[in-house]
Structure formats: structure tokens, C-alpha cells
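Hi everyone, thanks for coming. Let me put the structure up, and then I'll talk you through it.

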Amino acid sequence: MSEDKQPVSRRQFLNYTLTGVGGFMAAGIMISPLRMAIDPVLQQGEGESDFTNVQLAEGDITNEPQRVDWEVEQVDGWYESTVSKTAWVYKDDNGDIVALSPICTHLGCVVSWEGSEDHPERFYCPCHDGLYYKDGVNVEGTPPTAPLPVYEHKIENGMLFLGKSQPRGEA
Amino acid sequence: MYTMKWVKHDLQHYVQEKEYIDTIIIPLLPFQLSNESNLEKDALQNELLSVFNRELEKELTGRVLLAPDYHYLASADKQVELERLDTWVNDIQTQPFPFVFFITSDAEWKKIEQKLGGNLLWLPFIATESMKPSEVQSAVRTQVKEVTGLIRSYWKG
């Protein structure tokens, strides 16, 4: 065994291996904090896809508010769950689509269009007799103090997509 | 997201808005592992009742508090359970809750309904494994609508 055939000495070989293994270990330790540090950057694109197809064709939306129910996956920390959502959808006098959240701004019950026979043409909250006009504005003198929130919406391929609901200020 | 369950966040809300929340719903859920031929059926009833309770509570959040589930052995003596349940109701009644509802799909409660310290809502669920989740959802929703109407009729007096 001559020196030319084995240019790597025992010392060099050990140095190389230890550096290599050490490098892998360091990379292993560094990768998680790095991933966490840049995580928000990677997630930004997902904000755009918050719209859900609620299985309602644009043509089926009338002047009469109708209830649509759909489901979204919600991640709350480590806990993933399916949340069912509801909206009241109709076209206003200008033909614009309106999607109202049914969550009563008083204490959070679910309101219904003409939910009470005594109050036609109103959204009605069964819990404490709260009333809203068709545009979602609360009727003065009933418990709610703010209008119903409005969902962001868009039409794609003739189907209605709903996004987040936005609260509105006091009337 | 509004809810009204026996969890810290909701109860903060409850304490503030107590005057508006006058109704409590207590789910009665039987449990057993001894009767193997009925295991799946019983578990399915429990699951459906839980889904139902969640949906019902969501509809009526502002006036209804959903109590934690009351579990009992399916084979247990109902007289004994009745006494234990009364201690729950007595504790609950230290707060103003004029409307107490029990929700169950266990038919045995129906027989001793009058002895309960509240109104019994007995809901036999008709669902099979062949039903799709979406079909179960819509079936449950229809039932929620019916029961919401029933609870409202109690409120109207």
C-alpha cells in the first residue's frame, strides 16, 4: 500500500466524516427555526383563497332572500374542524348581489328572513325579537344595535363564492 | 364565532348577558360496551345527537346555554339516574333558568318524562351508514328547524 494510492490519511478521513455529520446535524437543527421564521411569507398566498363556492348559481339568486349553507375547514391553532356557515343571499333593487350573515348582532342567534309572521319583509331573530330591514340594517327599538355583517362575494363561472363576513358600524 | 357552551370564553359572556339567557339544554347520552350487537347503533345515535346539539345551540346561542353532556350507563336504573339528574337541575336552578330542556334519543326517558325537572325533547334519529355526510347534515338541519320552533313555542308561553 503506497502513499499515492491512499492520499487520504486516517486523520483527514475522520476530519471529513465528522465535518460532514456535524454539518447534517447543524442543518437538522437549523431547518425548523428557519422554516418558522419564513413561514408567514409562505402563507401569504393563502389569504386569496378564502372564498368558498356555496353551490348557488348566479341565475338562481332572486330578489327574495334565500338561505345558503356551506362548510369550511377552520384551523384554530392545532385544532382543525369543519364549521358550517350560513348566509342570506338576494339581489337588491339595483341587481347587485347581497350576502348577509345571519348572526344577530345582539347575542348571536341565527336570524331568518320573515322568520316571524308578525313581521313581514324583515329579518327576525327568534331569541329576543330582534328585527332587521332587508338591507340588514337593524330596526330601531329592537335589541340589536348594529346591522348584520356582509359577506364578501364574487361570481366565478356563474357560481357564487362567499368569503369573510365584514361587520358594519352602528346605524 | 358566537357560541354558548360551558367553556371559559362563553361563560364570561354568559355572566355579562345573564338577563337574556334563560334557557339551558342538557343532552342525555347513554353509554355502553356490554351489548355488542347494539354498539354501532348506539354510538351513531350519540354522534348524531352531538351534531344536532351543536347546530341547535348555534341557532339559539343568544338565549340558550348548552350544558355539558350527561352520560350514563345504558343499563343503569333510571330511578337512580333521575335522582342524580335532579342534583344537576337543582344546581342549575341557583341561576335563573326558567326553561330547562333535556335532549335525548333514548326512549326510556320518555316513559318517566313527568318526573324530570324540565321538558324532555326526545329525538329518534333516522340515519343509516349509507347516508352521505351531506345528507346527514341536511336531515339534521331540518330537525333543528323543527325543534327551534318547538322551543320558541315554550318561550311564547
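Some ground rules. This is a predicted model, where local features need pLDDT of at least 70 and side-chain atom pairs count only at pLDDT 80 or more, while totals for chains, interfaces and linings use all residues. Residues are numbered from 1 along each chain as its sequence is written, and chains are lettered from A and ligands numbered from 1 in the order in which they are written.

Okay, chain A. How many helices and strands does chain A have? One helix and nine strands. When I say helix or strand, I mean a DSSP run: H or I with at least four residues for helices, E with at least two for strands, numbered from the N terminus.

The domain assignment, which is automatic or from a database, gives chain A domain 1 (10–44) and domain 2 (51–166). The C-alpha centres of those two domains of chain A are 50 Å apart.

Now look at residues 12–34 of chain A. An unreviewed UniProt entry lists them as "transmembrane region". Positions from UniProt are in the numbering used here, with feature names shortened, and annotations may be inferred rather than shown by experiment. In the model, that span is 100% helix and 0% strand, with its end C-alpha atoms 32 Å apart.

On to the strands. Strands pair, by the rule used here, if DSSP finds at least two bridges between them. In chain A, β1 (residues 52–57) runs antiparallel to β9 (residues 159–166), with three bridges. A:Ala57 has A:Met159 in β9(A) as its bridge partner. On β8 (residues 150–156) of chain A, the pairing with β9(A) is also antiparallel, over six bridges. There, A:Lys154 sits opposite A:Phe161.

What lies between β8(A) and β9(A) in their hairpin? Two residues, and A:Asn157 in that turn has a positive phi of about 50 degrees, although A:Asn157 is not a glycine. Is A:Asn157 buried or exposed? A residue is buried with 20 or more other C-beta atoms within 10 Å of its own, exposed with 12 or fewer, and partly exposed in between, with C-beta atoms placed from the backbone. A:Asn157 has 8 C-beta neighbours inside 10 Å, so A:Asn157 counts as exposed.

A:Asp129 is another non-glycine with a positive phi, near 60 degrees. You'll find A:Asp129 in the loop between β6 (123–125) and β7 (130–132) of chain A. A:Asp129 has 14 C-beta neighbours inside 10 Å and therefore counts as partly exposed.

Chain B next. Chain B has five helices and five strands, in the order α-β-α-β-β-α-β-α-β-α. Of the 157 residues in chain B, 25% are buried. The C-alpha atoms of chain B fill a box of roughly 45 × 40 × 30 Å along the principal axes.

Finally, the contact. Residues touch if their C-beta atoms, placed from the backbone, lie within 7 Å. Chain B brings 12 residues and chain A brings 11 residues. On the chain B side, α2 (39–59) and α5 (133–156) each supply at least two residues, and α5(B) gives the most, with three residues.

That's my tour, so over to you.

How values were computed:
Two residues are in contact if their C-beta atoms, placed from the backbone, lie within 7 Å.
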